[in-house]
Amino acid sequence: MILYPYKMSEIQNIDLAITGAHILTIDETMKEYKQGSIYIAGNRIKWMGPDTEQPENFVVREKIDASGKIIMPVFFNGHNHASMSFLRGLGNDLSLDKWLNDFIWPAEKVMINPDTVYLGTMLSVIEMIRSGSGIFSDMYFFEDQVARVCEETGMRGIIGEAIFDFPSPSRATPQESMQFTRELHSRFQGHSLINVSVAVHAPYTCSPDLIRQAGELAKELDISANIHLAETTTEIDMIAGLYGKSPVQHLYDLNFLSERTVAHHSVYLSPEDRQLIKDSGTSVVTLPNSNMKLGSGACAVGELIKLGINVALGTDGPASNNHQSLLREMQQLARLERVVNYDPTSISAQELIRIATINGARAYGLDKDLGSLECGKKADFQIINPDQPHWYPRYDPYNSIAYAMQSNDVESVIIDGKIVMRNRVLVNIDEKRISKELKKKAGMLF
Ligand SMILES: [Zn+2]
C-alpha cells in the first residue's frame, strides 16, 4: 500500500513539467521568474512560479530540467503566404507591382495546386518552428492544405483563403472564396490549433462591394478579417485615382475597419489615416523585410505605438522576404526603426518582444489564450539555450533576444501543450520525406 502525504482528491495530474528555467512571461507587468517552473495539464498552463514554491501534490508524467535555459512565449507570425516558399527566388530586384504582375501571378497559375501548397507550407513551417514561431496567419489558396500541415506538425495556424476580384488558382470567383471561408470556419470551429480569418487581398484587387461583403462575413462569423493596406505609393495613387481618397479612408467608408481587422504593411498613412486606424481599433502588422526588399518604404511603428495602435509583426511570404524567422524579422525591425527615425530610443527591446508575441495574439483576438505565459493560458512557448558565445555577458535577456539571439538557439518548442521540437529535432515531421518530395516536385516544375 502506498501512503500519500495528502488526500487523493488534492492530487493534480500534470502532463509536462519544465523546471529551473529563467521564465519571461511577457504578461502585462513583464513578470519574470529567474529560476522557475511551468506545469502543463492538457494544453494549458496549470501552474507557474519559482522553483522553490513548486506544489507537492502534482503527479508529473514527464519532467524536463531546463536549468540555465530561457523560456518565453513562441513568436507570433502575424502575416504569411507560407507555401510561397515554392516561389522563393523567382523574380527578384523588382517593385511590388512588377514582381506580382510579371512573375508571381503567372507562376501561381501553373505551379500552385493542393500538392504544392501542402509541400510549400510544410517547408515554411519547418523554418518557422526551428526559429521559435508557434503560430502564423496565412493568406493564400487551398487553405485546407495549410490546415492539414498544422494538424500533422502540431503548428498553430490562422488560415484565410485569399479573396480578390479575379479567379484564383483555387477558386473561379470571389464568391466561391467567400463560401470556402464559411466552409473552413464550420469545419474548424473549436479546433485546438486552427482558427479561420477572412483574408481580403487588397483595396486595389477587390471591388468596394466585395470589401464590404467580406467585412460583413467576418462580423457574421465573429472572426478576424485581414488585408494588405497602404503598402506602396502605387497603391496610394491608384486608390486616389479610383475613389478620390486614401486606401484607409476607403476601407473605413466601406465599414471594413474595426477591432477585428488586421491591416498588413500600413506604410503610407496620413495623420488622418492613423486616427481612423486608432479610432476603429484596427491592428497593424508590420513586415519590415518584405518592405525593404521590395523597396516599398517603412511603417512608422514607434509612432503608431505611441498613438495607442496595436502593432504586431510578420514575415510575409517567403518569396518576398525571403526567410521565415520572426526572430530575424524583429531584429531587423529594431534597426530599421532607428535608421528611419535617427533615434535609438524610438522602440525598446521589451517593446520589440511584445510586438513579436502578445501584440500578434491581440491583433487576431486570441490574447485570452495566447501571446504570454500565464496560468490558464495555452502552453505555447520556446525553450532557448543562451549558453552560446553571442549571448555573453548576459546583462539583460530582452536585449540579447532583440539584438543577439540566433534562430539556432531555439532548443525546443511546445505548442498546445505538446513538444513539437525537442532538442532541435522536429518530432512530428519526417524532414527527409518532405525534402525528397519537394525536390521531386520542383524538378517537375523548373
Ligand atoms: Zn502579404
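**Exercise 1. In which hand does α2 pass α3?**

Let's work this one through on the model, which is a predicted one.

- Step 1: locate the helices. The axes of α2 and helix α3 (residues 143–153) come within 8 Å and cross at roughly 45°.
- Step 2: classify the angle. That value makes α2 oblique to α3, since angles under 35 degrees would count as roughly parallel and 65 to 115 as roughly perpendicular.
- Step 3: read off the hand. The crossing of α2 past α3 is right-handed.
- Step 4: find the residues that meet. On the α2 side they are P114, V117, Y118, T121, M122 and V125, and on the α3 side Q145, V146, R148, V149 and T153.

**Exercise 2. Describe how α4 and α5 are arranged, and name the residues that join them.**

- Step 1: take the geometry. Helix α4 (residues 174–188) and helix α5 (residues 208–221) have axes that come within 11 Å and cross at roughly 10°.
- Step 2: apply the cut-off. Angles under 35 degrees count as roughly parallel, and α4 and α5 are therefore roughly parallel to each other.
- Step 3: list the contact. P174, M178, T181 and H185 of α4 face L210, Q213, A214, L217 and L221 of α5 in this contact.

**Exercise 3. Work from the largest nonpolar core down to one of its residues.**

- Step 1: size it. The largest nonpolar core has 126 residues, and I38, I71, V200, M330, L352 and A356 have the most contacts inside it.
- Step 2: find the main contributor. Helix α2 (residues 114–130) gives the largest share, 9 residues.
- Step 3: check the domains. At least three residues come from each of domain 1 (8–73 + 371–426) and domain 2 (75–363).
- Step 4: zoom in on L352. Leaving aside neighbours within four places in sequence, L352 is in contact with M330, L333, A334, I347 and A402.

Notes: Residues numbered from 1 in each chain as written. Predicted model: local features only at pLDDT ≥ 70, side-chain atom pairs only at ≥ 80, totals over all residues. Core = buried A, V, L, I, M, F, W, Y, C linked by C-beta atoms within 7 Å. Buried ≥ 20, exposed ≤ 12 C-beta atoms within 10 Å, placed from the backbone. Helix = DSSP H or I, 4+ residues; strand = E, 2+ residues; numbered from the N terminus. Domains from an automatic or database assignment. Contact = placed C-beta atoms within 7 Å. Axes fitted to C-alpha atoms, helices over the stretch in contact; angles between N-to-C directions. Parallel < 35°, antiparallel > 145°, perpendicular 65-115°, else oblique. Left-handed = near helix turned anticlockwise from the far one by under 90°.
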